Amino acid sequence: MSAVEAKLAELGLTLPEVVPPLAAYQPAVQSGVYVYTAGQLPMVEGKLPVTGKVGAEVTAEEAKELARTCALNALAAVKSVAGDLDRIARVVKVVGFVASASDFTGQPGVVNGASELLGAVLGDKGVHARSAVGVAVLPLDAPVEVEIQVELVP
């Protein structure tokens, strides 16, 4: 077991299976020392646990937990191409999309779910640049979607 997966286990988490693509793309691709993930939905065992807009059908706290699930799915996608999460030198960038009710402005707090998970699992290697964007709708009516870019140890 890798050190990163041991840390996940210490946090009571396990790395899920890679979420299969919903369309014509790959869950992650490697270019040089970087791995770019596709947007990861908060799928759990092939299903979205909740759907709808944050600030309407979904609370900000629920969405923050969903963003955490997205980050876990993103780590699984990284592992699928890198082979070992211990190869992560650092998380470079996180982009979080939040399907938002028209008056919801708490996107940064929602995407903190992903950022905090990456920090808890990877320590200083998990510190990253980030964007948190409110959008009208996401695939399958998901409340949150997260993509990450990581640099690998050469």
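Student: What share of the 154 residues in the protein chain is buried?

Tutor: Buried means under 20% relative accessible area, exposed over 50% and partly exposed in between, with a 1.4 Å probe and protein chains only. In the protein chain, 44% of the 154 residues are buried. This is a predicted model, in which local features need pLDDT of at least 70, side-chain atom pairs count only at pLDDT 80 or more, and totals for chains, interfaces and linings use all residues. Residues are numbered from 1 along each chain as its sequence is written, and side-chain values use heavy atoms, with hydrogens and water left out.

Student: In what order do the elements of the protein chain run from the N terminus?

Tutor: Helices (H or I, at least four residues) and strands (E, at least two) are DSSP runs, numbered from the N terminus. Here the order is α-β-β-α-β-α-β-β, giving 3 helices and 5 strands. The radius of gyration, taken over C-alpha atoms, is compared with a globule rule of 2.2 Å times the number of residues to the power 0.38. The protein chain has a value of 14 Å, close to the 15 Å from the rule for 154 residues, so it is as compact as a globular protein of that length.

Student: What percentage of contacts with a separation of 6 or more joins residues 24 or more positions apart?

Tutor: A contact means heavy atoms within 4.5 Å. In the protein chain, such residues account for 81% of the contacts with a separation of 6 or more.

Student: How large a box do the C-alpha atoms fill?

Tutor: Taken along the principal axes, the box is roughly 45 × 30 × 25 Å.
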